Every structure is written in structure tokens, then in C-alpha cells.
Amino acid sequence: MSHGSAPLSGNENPTRREQILAAAAELFAKHGFHGVGIDDIGAAVGISGPALYRHFRSKDAMLGEMLTSISEYLLEGGRRRIERAGDADEILAGLVRFHVDFALQQPALITVQERNLANLTDADRRQVRALQRRYVEVWVSVLRAAVPQLDEPHARSAAHAVFGLINSTPYNRHLPDDELAELLTRLALGALYAAK
């Protein structure tokens, strides 16, 4: 997946809906949710603003699907890492690299998620928060297996701190992606093992 691809699609030929979400993510990241109109999003994908309503009922619905899909993608990916064979250290390294890859591939989504939870409808915000909590618990379980002396509060705090480190990628593009991925992975793992 390259920069500017449809959010989380992984498709070489994204659907119109995925193209709209990708364009909206870029615009929301650059101008803020309230600084972007339906016409702006339509223009970015070559259709009229009103034509977007064939795909999404509102800009709020677009944001809700975008942030819910991020949270679902991370939770599903995290669970897949747990199911892989390997010892606790290998699984933790895989989980870190998975999140690093996501952050590097989708900087606009990271920015939108960081800035726009408050703009979600109550129902969407509850769903996103519930998915995020479950993703954190994946990290807590993996981290406690790798670093058994960590209690749950310390493991949870360490996970959140590492999310902050990794999710700095929209503001940290001083290295090529492959080098930055290696650096972030080393820093994140170093921080997690230092939490004991």
C-alpha cells in the first residue's frame, strides 16, 4: 500500500467508495474536518459534491466509516499477529512492525484519527473507542507475555506511550520509509522492554 492509496483497502483498483474515503482523509488531515466541504471532496475524486450522497449519507458518515475502519483494521491485524507461530518476543516484534507499517503507509489517517474523534457522532465515537480498547488489550497481552514482570497498568501505559511514538510519523519524514520503519521499530521495542 502506498501513500495516497484508499484507506486500508490494499486493492490495486480501489472502489469509488474507497477513493472517496482516501481523498477525504487527505483533505481532513490537511484542512481539518470543518475546513472541508462536500464539494471539496467531490472535486478531489472528479465528481460533484451532491454525487457523493450516492455513496455516503453525510460528511459525518464518511468520517465515522473512516475512523471505524482504522480501528477494525488495527484490531484484526493485531489479532492475526497473536495467532502466528513464534515466541513472545517474536510476536511482540511483529505487532510493533505491523503498527509501524500502518503508520507509515497511512499518515493522513493517523492525523485524522488524532484530531477528529470529537467530531464523530456519539454512536460512532462509542464504537471507535470500544475497538481501540480491544486493540490496546491485544498489546497488553502480548507485552505481558514478553515482559512477564509488567503488571497490567504498566503494560497499558507502555502501549499507549509507544502508540504516541509510532503515530508521530505524519510529522517525522526525515528518513526514507524503510529506514524510518527500522528506527521506529527499534525505538518502540527498546521502550517496551525498558518498561520492566
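Biologist: Leaving aside its neighbours within four places in sequence, which residues is A29 in contact with?
Modeller: This is a predicted model, in which local features need pLDDT of at least 70, side-chain atom pairs count only at pLDDT 80 or more, and totals for chains, interfaces and linings use all residues. Residues are numbered from 1 along each chain as its sequence is written, and side-chain values use heavy atoms, with hydrogens and water left out. Contact means heavy atoms within 4.5 Å. Beyond four places in sequence, the partners of A29 are A108, T111, V112 and R115.

Biologist: Does A29 count as buried or exposed?
Modeller: Buried means under 20% relative accessible area, exposed over 50%, and partly exposed in between (1.4 Å probe, protein chains only). The relative accessibility of A29 is 14%, so A29 counts as buried.

Biologist: In which helix is the place of A29?
Modeller: Helices (H or I, at least four residues) and strands (E, at least two) are DSSP runs, numbered from the N terminus. The protein chain has eight helices and zero strands. Residues 16-31 form the helix that holds A29, namely α1.

Biologist: How far apart in space are A29 and Q113, C-alpha to C-alpha?
Modeller: In sequence, 84 residues separate A29 and Q113. Their C-alpha to C-alpha distance in space is 9.0 Å.
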